Amino acid sequence: MARTPQPIRSDIAWSNRTQIVVRGKSLPEEVIGELNLGDFSYLQLTGRMPTREQSRVFNAILVTLVEHGLTPSAIAARLTYAGAPESMQAAVAAGLCGLGTVFVGSMETAARLLYETLPDGPAGVDLEARAREVAKTYADARRILPGVGHPIHKPVDPRAPRLFLVAEECGLDGGYCSLMRLIAGEAERLSGKSLPVNATGAIGALCCELGFPWKVVRGFGVMARAVGLVGHIMEEAERPIANEVWLRTEEEASRHIRQPD
């Protein structure tokens, strides 16, 4: 049977000889020099301009994710750049490929958990009861709760309370944020361990408050971390460490089998 062609349509942008229009706004006249990157990103993603409060929260999310030191993604980017300095984009791409369920991407799973726990939204829901159910389910299954706990930042991940404070000041600290905190508290009670809400848990909750689908949330980490990786590559070009990381790792890893020269 012949396939019926489907319409090919995009509502994002168009251009002609004299105009470039993005989400209904003239790029030269209404965007360039008028919008910051965070607000333009919000417009690109949603098709509408953020309110002042949405802008502050969304920009807070993005800047939180730009940098976190010599993480595996930054090391991967530096090592790739050492091998292919002519291809910065390959080095950035190598670093971005490491954003998954362990690093950065856990904010996607946190947002998904919150949405699935509150499929009809937080209004009128006993959040404490839902938090107990979630924490017990994960504890019984010996599964790691997304957005909770941190290997370094204890007893508090300092980014999370700051993000929640920004959300509160903007009137966006709602039921999803409350549920995330309650889940962490219940997980601590069940485990007897320090399990604070981490940055990705706070970001997942804020993304729910902003109404973003959980499937797009990891993309915010990709957007922001690309900026951080370019910074690492600039530093690598000026003060290289990748070769030292490579040579020292190779030497130590093979020391027990290496024969003297």
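Which hand does the crossing of H3 and H8 have? The crossing of H3 and H8 is right-handed. The model described here is predicted.

**H3 and H8**

Helix H3 spans residues 52-65 and helix H8 spans residues 159-169; their axes come within 9 Å and cross at roughly 165°. Angles over 145 degrees count as roughly antiparallel, so H3 is roughly antiparallel to H8. On the H3 side, the contact is made by Arg-56, Val-57, Ala-60, Ile-61 and Thr-64. H8 contributes Arg-159, Arg-162, Leu-163, Val-166, Ala-167 and Glu-169. By class, the residues of this contact divide into six nonpolar, one polar and four charged.

**H6 and H10**

A second pair is formed by helix H6 (residues 106-117) and helix H10 (residues 199-210), with axes that come within 8 Å and cross at roughly 50°. That angle makes H6 oblique to H10. The crossing of H6 and H10 is right-handed. H6 takes part in the contact through Ser-106, Met-107, Ala-110, Ala-111, Leu-114 and Tyr-115. The residues from H10 are Thr-200, Gly-201, Ile-203, Gly-204, Ala-205, Cys-207 and Cys-208. This contact of H6 with H10 has nine nonpolar and four polar residues, and no charged ones.

**Summary of the two pairs**

Two packed helices are described by the angle between their axes and the distance between the axes. The table gives both values for each pair.

| Helix pair | Axes come within | Crossing angle |
|---|---|---|
| H3 and H8 | within 9 Å | roughly 165° |
| H6 and H10 | within 8 Å | roughly 50° |

How values were computed
Residues are numbered from 1 along each chain as its sequence is written. This is a predicted model: local features need pLDDT of at least 70, side-chain atom pairs count only at pLDDT 80 or more; totals for chains, interfaces and linings use all residues. Side-chain values use heavy atoms; hydrogens and water are left out. Axes are lines fitted to C-alpha atoms, for helices over the stretch in contact, and angles run from 0 to 180 degrees between N-to-C directions. Helices (H or I, at least four residues) and strands (E, at least two) are DSSP runs, numbered from the N terminus. Angles under 35 degrees count as roughly parallel, over 145 as roughly antiparallel, 65 to 115 as roughly perpendicular and the rest as oblique. A crossing is left-handed if the near helix is turned anticlockwise from the far one by less than a right angle, and right-handed if clockwise. Contact means heavy atoms within 4.5 Å. Ala, Val, Leu, Ile, Met, Phe, Trp, Tyr, Cys and Pro count as nonpolar, Asp, Glu, Lys and Arg as charged, and the others, Gly among them, as polar.
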